[in-house]
Amino acid sequence: MTHVKHRKKHKIASKQIVVEPCLEPYHGPYGAHPLTHVGYLEGRHLHPRRLPTPNGQRTVSLRLLDTSKETIDNVQQLTETLRRLQLGGLKLQKVPETLVARLSNLKKLDLGENELGDSSFPETMTDLEALIEIRLNDNKLTRFPACLKKLKNLLRLDMSNNRLESVVGLDKLRKVQVLVLDNNKLTSIIKEISNLKRLEILRCSDNNIKELTQEIRNLQALVDIDVSNNKLTVLNAELFMLPKLEFLNASHNNISKIPSFNIKPHQKHWISCLDISENNLTKFPGHLMLMSHQLDVSSNKIKVLSWNVIKKLDTEVDQELDLGGNPLIYPPAAVCENGLRSVTQFFQESQVDAKVYQGIKILVLGSHRSGKSSLVHSLVDQQARLVREIDEESAVIGVYETSFDYDLVDGRPNKSLQLCVWDFCGHPLYSYPHYVFFEQSAITILTFNMATYKEELFYEMVGSWFDWMIAKNNKLVVLLVATHSDLVPQEQIKVICDSVCSQLTQHMEKGKKMIEQKIRKIEQHSYISPTLSEQLKSYMFLLRSKFTVQTNIIITSSAKYKGFDVLTKAIETLSNDVKLFPNVMRVIPTFWVQVETYIEEKGIAMAVPVMKWHEYRDEVVGKFGMKHLLNDLTEYLHETGKVIWFSKVQGLKDYVILRPAWLFDVLKLVYRHDAEDTLIYTQDDNFKTVGISQVKFDRMKRDYVTEGILDREFFKGMLLPQLSTTNINLGSQIEKVMNLLLEAFQVGYQVTKRPKDTFITFSLDQDKLEEDRENEKSKKYVQYLIPWIRKTSEPSDMIEKWESISTRRGVVIRYVFPRYLPLGVFELMCTRAHGEQFNLKFLAHWYGGVHAVHRQQTIRLVMRCLQEEDDSTVIKFDLRDDTEGEDEVPAATMWTLLLPLLTEFDSLLKNFTGIWVEKFVECPQCHKPSFPGEWTTPKETQALPTKLCDLCGEKVDTALLVQPKTKNKDDVLLSIRNKKARYRRPAVTTDMQVEENISKIRPKSRKSNDISTPVGELDPVDVSFRRKSRKSIISTRGYSFSDKEI
Ligand SMILES: Nc1nc2c(ncn2[C@@H]2O[C@H](COP(=O)(O)OP(=O)(O)OP(=O)(O)O)[C@@H](O)[C@H]2O)c(=O)[nH]1
Ligand SMILES: [Mg+2]
């Protein structure tokens, strides 16, 4: 009877296009009726029953076999108790409005295997507030039903086997943990669901998905993802970084490369199963073996396996590798078919003759957003890759390792070129840290975006980068790469390249001509004074720079993967040029390789992979012997990017960093152009862990971002993500990292906040610091000033004070940089000037200047960095008498303070071998730089009481131009005696001891008659030596810029 009635209703309804389902009569074990399966509280099975059920108050689940009015009415009687409702397989074209209304306690709803379309859901669906699971599989949906957005408690959703083209709106279901979208028509998915932070299982096989976008990194809870049978060509690194990932099925796609990425050792986790079978991989993604128990790369196009990865595998870990169905040549297919153990054995046995060749470092430089990271990714992955924003990998410096593929010779791998690529983020803030890492023994790729190139932008986009590079290194090997060629019309490409080439040639010629002019000017002097001779020497040194620049600009598109064959070839050609890189491709002794592996493992095992040089030396020599080879070996590790050891840089040479990527990650934490956005209190609770409240955090962040003042506690919070929190020695780890940054890299110096001050004023008072050092409790108030972040202006009281003593006796030194002053050099000097030996008490530090007083003499010092009208930059050391009343401090005393500072600055400039600097003493009368660096060669001037200023014609007391000579014969004898005892003596303070002090600071190089000694030697004069050297300079005068290959 019910059925007849129902059919009638269906007919009427269909006219109104409201279609109710029609069911064949049910014939179960109890006859044609009942029509539901009922489950009771604590019952284990569904019982076929007729509704209404006698156990209404205990009914928790129902499987309906029809949706007649009668049944619905009966269901509505059970709203209080009903938890689960199954409406699957009823051919429903609509969800009955009255059925779902008021089911406010319902937890699970199964609407699978019906005929539901996009408009089949009534508004009453929103009443199902308690719903945690809904099945909509096997229906006819083309989009995510809007009414489901309101089901905020939903944990599981199955919409597989529909016709979904979009899941817009699904991101509102913030609590979803399981999402099943298999077999639909989706072309993208990750962007739409990227804020589902609790998602654990994502199934979307058999769709048309082309890309898993970077937003996948937000799905931090993801454990299991199935993207098989789609149209993927790339798997991005972010996917493998997901901290909880256990299962990945990406089989049956068109994936041709797996990106390379850095697995941070302490963040590494093991993935149980990675299935990348049935794809187009040609290169063995060996790095995945370092993080997966089971790797299936069967049925791809892999020909060769690399020993480089296999040798790193831990034989203790149980791992499986499926290589079946690949056209393997090496090791032979028969070996590979027998699994990982057999592959490892094969390599071990044949390794006897497997030589290791030295690789090369590639440094990628260029303006901000010019396409460097995209270029690197495309080069490494050998396919089109675009980086959309600066991500964690590419901020500061990103490190990538790759090798150019093996050529097979007689069925065996031939030499392979190992590349270590350092991708320098182009944001100006990183200019200084990048300088530290920009070295000669590498190929530099300089990129410019040809789509935005204009002639008038040449200097900004290309020229200034050459100046930047030349300032640091006087030997360059550069590949000039034009990116974004896909956005430039074909006919424009040549025009742009020709323009860049000719402008570059002009730019370099201009530099050369400027130097030659300077040389000619000096030569016109009838008498070349020792000072001029020094200057001449430095110009000659600059002319000896050697630039190898590829004039055929390499045109690339990372969007279309174009030009990379040319780029690869160029890198190969340069690397194999023995004249340019004598060490590259040499065979590395087995002993070195053993040390390399040992160091790599040690670096991974250490929470802070940094060793003092002596610790490193003792450990390596103790284990491997061969002390005499240690320097060469460590240089090799440094040149190939395995460790960082600046063997020639004061301060830095005392440290060996066993894992360069670790150091860059640390720099990324403390030194960010986007600190405003990336420093977030709630992120990982790091700041909370170190005991900083939200309010304190806000204040400290503001201090840091606006003033460059970094609180010690804040510093700790920043560093925490890079440290091993499971290690109990967290305190000593922090100490070690801070020491590395502050002492070796000199990123800043210590200042102390005055307790009663407001948070924006800081004491730069060293006396206060001493107090603080003694008082352990106040340690938490310690702060550091990071000069290159400080953008404040000169305090008005400092300006006034300085003005008020403007007529006092003083000495002003100018370092002029006619062409280029590397960013950060001045700031670094400010940090160095805080060394105790200079005896200075700093009162203010602003953008481009510091103001200090001497602790013992009544002298003030202001150091400034100024931009001149002629585009040169000047660093000024300005000293003034500050005695109350008459001037008291003699010029000699001023020099006593000044010379060590200048020596320090000279030693800093020595790290910039290509820098062009001219030194002057300002005329005290006309305040113009008219005396050319007399203090560097003082004897001649010392012999004169006065000297004429070339610019104003006034007589100037030579005591204001050089350190006055006060020695008589007895003094000399005394000085010799003192010299013998100098290491036992306290810091030098008297005028007489100055020269001695200088000679202590100066490196040994003065003894050598080496023309390549960088400019600015503070040389107590040895006249015979200088005469000799002047001759040699003049005899090399014919040397020209012809060495430069442009
Ligand atoms: N069309 C097109 N876009 C590109 C190409 N190379 C890079 N891009 C885009 O240019 C922008 C900058 O690219 P990145 O690779 O991040 O540039 P970068 O030089 O590494 O930038 P910084 O590290 O911030 O200095 C991104 O939006 C890229 O998607 C290219 O060859 N063609
Ligand atoms: Mg980048």
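# Notebook: rings, ligand shell, a few residues

I started with the rings: Trp422, Phe437, Phe646, Phe664 and Phe745 are joined by ring pairs into a cluster. For pairing I took rings of Phe, Tyr and Trp (its six-membered ring) with centres within 6.5 Å, calling planes under 30 degrees apart stacked, over 60 edge-to-face and the rest tilted.

Ground rules, before going on. This is a predicted model, so I note that local features need pLDDT of at least 70 and side-chain atom pairs count only at pLDDT 80 or more, while totals for chains, interfaces and linings use all residues. Residues are numbered from 1 along each chain as its sequence is written, chains are lettered from A and ligands numbered from 1 in the order in which they are written, and side-chain values use heavy atoms, with hydrogens and water left out.

**Aromatic pairs**

I searched the whole structure and got 31 aromatic pairs. I looked up Tyr330 and Phe346, which pair edge-to-face at 5.4 Å centre to centre, with 75° between the planes. That pair links distant parts of the chain, 16 residues apart: Tyr330 sits in the loop between strand 14 (320-322) and helix 7 (333-337), and Phe346 in helix 8 (residues 340-350). Helices (H or I, at least four residues) and strands (E, at least two) are DSSP runs in my notes, numbered from the N terminus. Tyr330 has a relative accessible area of 7%, so I put it down as buried. My cut-offs are under 20% relative accessible area for buried, over 50% for exposed and partly exposed in between (1.4 Å probe, protein chains only).

Next I took Trp422 with Phe664: the centres are 5.1 Å apart and the planes at 85°, so this pair is edge-to-face. It also links distant parts of the chain, with Trp422 in strand 19 (residues 417-424) and Phe664 in helix 18 (residues 660-670), 242 residues apart. I checked burial for both, and Trp422 and Phe664 are each buried.

**Ligand 1**

I found 20 residues around ligand 1, the closest being Lys372, Ser373, Ser374, Gly426 and Asp486; to be near, a residue needs a heavy atom within 4 Å. The shell splits into six nonpolar, ten polar and four charged residues.

I then listed distances from oxygen atoms of the ligand. One is 3.1 Å from a side-chain N or O atom of Arg369. A polar backbone atom of Ser370 is also 3.1 Å from a ligand oxygen. For Ser373, a backbone N or O atom lies 2.7 Å from an oxygen atom of ligand 1. Taken alone, ligand 1 exposes 650 Å², and the protein buries 90% of that; areas are by the Shrake-Rupley method with a 1.4 Å probe, and for residues only the protein chains shown count as cover.

**Two single residues**

I looked at Glu596 in helix 15 (residues 590-605). Its relative accessibility is 12%, so it counts as buried. Leaving aside neighbours within four places in sequence, I see Glu596 in contact (heavy atoms within 4.5 Å) with Tyr636, Leu637 and Lys642.

Arg50 is in the loop between strand 2 (46-49) and strand 3 (59-64). At 53% relative accessibility, I have Arg50 as exposed.

**Whole chain**

I counted 31 helices and 35 strands. Of the 1046 residues, 55% are buried.

Terms used. A polar contact is a pair of N or O atoms within 3.5 Å; within protein, one must be able to donate a hydrogen and the other to accept it, and residues adjacent in sequence count only if both atoms are side-chain atoms. Ala, Val, Leu, Ile, Met, Phe, Trp, Tyr, Cys and Pro count as nonpolar, Asp, Glu, Lys and Arg as charged, and the others, Gly among them, as polar.
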